[in-house]
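Let's take a walk through a protein chain together. Have a look at the picture first, and then we'll go from single residues out to the whole fold.

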Amino acid sequence: MKNLILILALIFGTSFASYSQKYAYIDSDFILESMPEYNEAKDQLDNYATKWQKEIDERYKQIKKRKEEFLRVEAILPEEEREKRLEEIETMESEALEMQQLRFGVSGDLFAKRKELIEPIQDRVFEALGKVASNRNFSFVFDKANQSNLIFADPKFDISKMVLREMGINAR
């Protein structure tokens, strides 16, 4: 019986060995930073973010100025005027917060711009990665970038440059 189990183990062990899985990894940060169109898109996003942040900062400066002005004259204002000015300040603060959410919120303008500019580039990388992985029969491809749980990776299994070549980009 032991011999039968040993023989079966050898037969199945060798047949499974022929179906072994191949692994590789990429560094998506390296790939993206090697792409001129990604760097251009990132610069555009940064410009939008800077412009929108300046608009928001300007609103908050206006609010601060309005509050300081209010505090200087608060004591001499009639109750009705004091409440009106406080309400104006609160409205301005509320509008500034809304603008922040509109520009930088989860479904805000920056998110939409990022999707418009960056997502097509990421799709292109993913498509090239799929071709390389398929052509080389890789079962799994991990990403070394973005806080992955990949603790150690032998550089000989890095296929980042192959992915770049697939996209027609010369790696640095």
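Start with Leu 97, which is partly exposed because its relative accessible area is 49%, and the cut-off for exposed is over 50%. Keep in mind that this is a predicted model. Leu 97 sits in helix 4. Now look for Arg 59: along the sequence, 38 residues separate Leu 97 from Arg 59, yet in space their C-alpha atoms are 9.8 Å apart.

Stay on that helix and find Arg 103, which also belongs to helix 4, the stretch covering residues 79-104. Is Arg 103 buried or exposed? Arg 103 counts as buried, because its relative accessibility is 17% and buried means under 20%. Which residues does Arg 103 touch, if we skip those up to four places away in sequence? They are Trp 52, Glu 55, Ile 56, Gly 108, Asp 109 and Leu 110.

| Residue | Relative accessible area | Class |
|---|---|---|
| Leu 97 | 49% | partly exposed |
| Arg 103 | 17% | buried |

Time to zoom out. The chain has six helices and two strands, and reading from the N terminus the order is α-β-α-α-α-α-β-α. Of its 172 residues, 23% are buried. Take the contacts in the chain with a separation of 6 or more: 80% of them link residues 24 or more positions apart.

Rolling a probe the size of a water molecule over the atoms shows where empty space is left. What is the volume of the largest pocket? It comes to about 180 Å³. Which helix gives the most to the lining of this pocket? That's helix 5, with five residues. Helix 2 (28-33) and helix 5 (109-135) each contribute at least two lining residues.

If you'd like to find the lining in the picture, look for residues including Ile 26, Ser 28, Asp 29, Leu 32, Tyr 38, Arg 114 and Phe 126. Also part of the lining are Gln 122, Val 125, Leu 129 and Asn 146. Sorted by class, the lining of the largest pocket holds six nonpolar, three polar and two charged residues.

Notes: Residues numbered from 1 in each chain as written. Predicted model: local features only at pLDDT ≥ 70, side-chain atom pairs only at ≥ 80, totals over all residues. Heavy atoms only, no water. Helix = DSSP H or I, 4+ residues; strand = E, 2+ residues; numbered from the N terminus. Buried < 20%, exposed > 50% of the residue type's maximum accessible area, 1.4 Å probe, protein only. Contact = heavy atoms within 4.5 Å. 1 Å grid on protein atoms, 1.4 Å probe; cavity = no way out; pocket = protein on both sides within 12 Å on 5 of 7 lines; lining within 4 Å. Points joined across faces, edges and corners; volume = space filled by probe spheres on them. Nonpolar A, V, L, I, M, F, W, Y, C, P; charged D, E, K, R; others polar.
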